[in-house]
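Start with a patch, then turn to a pocket and a cavity.

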Amino acid sequence: MHPSSCASAYFGPAESYLGPLALQKMSAEDREAQEDELLVLESIYDADEFRKAESVQGGETRIYLDLPQNFKVFVSNSSNECPALGRDFEHTICYLPPLVLNFELPPDYPSSSPPSFTLTSKWLSPAQLSALCQHLDNLWEEHRGSVVLFSWLQFLKTETLEYLNIVSPFELKMGSQNKVQRRVAEASSNTELDLGGAAGSDVEQEEAVDERAVQDVESLSSLIQNILDFDQAQQTKCFNSKLFLCNICFCEKLGSKCMCFLDCKHVYCRACLKDYFEIQIRDGQVQSLNCPEPKCPSVATPGQVKELVEAESFARYDRLLLQSTLDMMPDVVYCPRPCCQLPVMQEPGCTMGICPSCSFAFCTLCRLTYHAMAPCKVDADKLKELRKEYLQADEANKRLLEQRYGKRVIQKALEEMRSKTWLDNNSKSCPSCGTPIQKSDGCNKMLCPGCKHYFCWICMGSLSRANPYKHFTDPSSPCFSRLFQGMVFEDDN
């Protein structure tokens with residue numbers, strides 16, 4: 001046998017034997033690289049950000065983007081994409097729902113093939129997600145043969161907003177659901193979709209949508225609700241993990257044990273606010289559950305009050321708050337029956353109220369039985385108030401009072417008031433029967449014309465009927481020698 005043929009006969013089978021060994025070695029290296037990469041990701045990210053799949057080599061990552069301060073999202077309703085809103089919507093947020101990257105590692109990753117993946121978002125359009133998918137493909141091409149997942153995650157977290165040119169205010173839109181097959185990963189980088197967030201979304205042209213790009217939201221209204229709910233939940237989570245100083249007890253406590261007033265953002269511990277609120281509710285001051293900060297007008301919401309106080313206190317708060325609110329409504333009156341007291345809606349321009357519970361018809365002005373066009377009855381105490389109210393009223397209110405009580409009633413009240421004023425200034429009442437008496441002349445020994453009672457005009461003391469002058473001649477009397485005090489004598493000359 002020729003040496004060459006011997007060599008070929010020997011090396012031929014050896015080559016066919018070493019081939020599978022080399023493949024097994026390559027697969028083992030890929031397997032080790034995959035395990036190491038997944039282990040590193042598990043150590044870097046917490047359970048909320050990274051979760052390894054149990055049945056396959058893969059997992060799910062949630063990428064939370066860091067937004068600039070005062071970041072606003074808005075929806076322009078001019079296109080009628082969301083009729084439920086009825087108007088344009090704009091809101092300042094701190095957090096957006098995360099991007100979700102689901103991936104699976106093929107057996108020959110990272111030596112030959114890239115990870116297969118889907119990229120999901122609620123607030124990015126399919127065209128914007130497609131642009132990110134294309135950039136992930138390009139990153140794989142740059143790192144072919146090496147693990148790439150961490151590079152992908154870093155790009156998505158730190159560069160997504162800049163890459164898509166997303167700035168505040170950012171317009172929320174629903175993208176087209178028509179999908180086309182994704183372009184192969186070998187496409188050159190200069191064919192990337194250059195889609196800006198606020199800018200690129202305005203481009204009126206058909207964009208190729210990658211099948212791996214998924215906008216996971218049903219409608220624009222549900223998108224808005226998802227964003228607001230997520231932002232609120234994340235702000236609450238962040239608040240609960242921070243320490244705050246309570247300016248009532250001067251102790252530092254976790255946010256989970258504190259409450260923040262929504263308008264002013266002042267923070268106090270729940271224990272102090274609970275005591276403060278329950279004292280106010282017990283005193284009936286349900287409109288005064290203000291922030292304890294001096295001169296701060298912020299008021300706790302009913303939901304915040306319910307979280308803090310006992311159920312019995314909240315029931316009282318809720319009842320008093322409803323009652324005070326009804327009291328401030330000009331078209332609401334209460335049924336005057338003591339056993340009823342339910343609120344009654346008053347028709348505009350009508351003075352009759354009918355209780356929906358007991359069917360009692362009453363005058364909404366005087367709260368007595370309805371008397372049609374007859375004026376409201378006025379008692380003595382009310383008459384005093386009416387005189388004062390009428391004198392202080394302007395012309396319009398004077399006409400209303402005359403319409404309500406009758407002009408003659410008001411005129412009579414005014415005349416009585418003038419008469420009483422004159423009597424108070426020019427007469428004194430008999431100490432026995434109370435009859436007003438005017439002294440026009442004579443001495444200070446007075447005789448009541450009504451009850452014939454003697455009394456002193458100076459001290460209003462009663463005098464003896466047998467000797468009424470003794471009061472003025474007794475040296476121990478306070479009116480000694482004052483019988484003729486105040487009299488004016490004509491000069492004889």
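V40, I44 and F150 form a nonpolar surface patch with about 250 Å² of accessible area together. This is a predicted model: local features need pLDDT of at least 70, side-chain atom pairs count only at pLDDT 80 or more, and totals for chains, interfaces and linings use all residues. Residues are numbered from 1 along each chain as its sequence is written, and side-chain values use heavy atoms, without hydrogens and water.

Patch residues have over 30% relative accessible area and no salt bridge (a Lys or Arg side-chain nitrogen within 4 Å of an Asp or Glu carboxyl oxygen). Nonpolar side chains are joined within 5 Å. Areas are Shrake-Rupley values with a 1.4 Å probe. V40 sits in helix α1 (residues 3-44). Its relative accessible area is 43%.

Next, the open space. A pocket is an open set of 1 Å grid points with protein on both sides within 12 Å along at least five of seven lines; lining residues have an atom within 4 Å of a point. The largest pocket has a volume of about 740 Å³. It is lined by 26 residues, and Q232, T236, F239, C260 and L262 are the closest to its centre. Helix α4 gives the largest share of this lining, eight residues. The lining divides into eleven nonpolar, ten polar and five charged residues.

In a cavity a 1.4 Å probe fits but cannot get out. The largest cavity has a volume of about 80 Å³. Among its lining residues are Y45, F50, R62 and K157. Strand β2 contributes the largest share, three residues.

Terms used: Points joined across faces, edges and corners; volume = space filled by probe spheres on them. Helix = DSSP H or I, 4+ residues; strand = E, 2+ residues; numbered from the N terminus. Patch = residues over 30% accessible without salt bridge, like charges linked within 9 Å, V, L, I, M, F, W, Y side chains within 5 Å. Buried < 20%, exposed > 50% of the residue type's maximum accessible area, 1.4 Å probe, protein only. Nonpolar A, V, L, I, M, F, W, Y, C, P; charged D, E, K, R; others polar.
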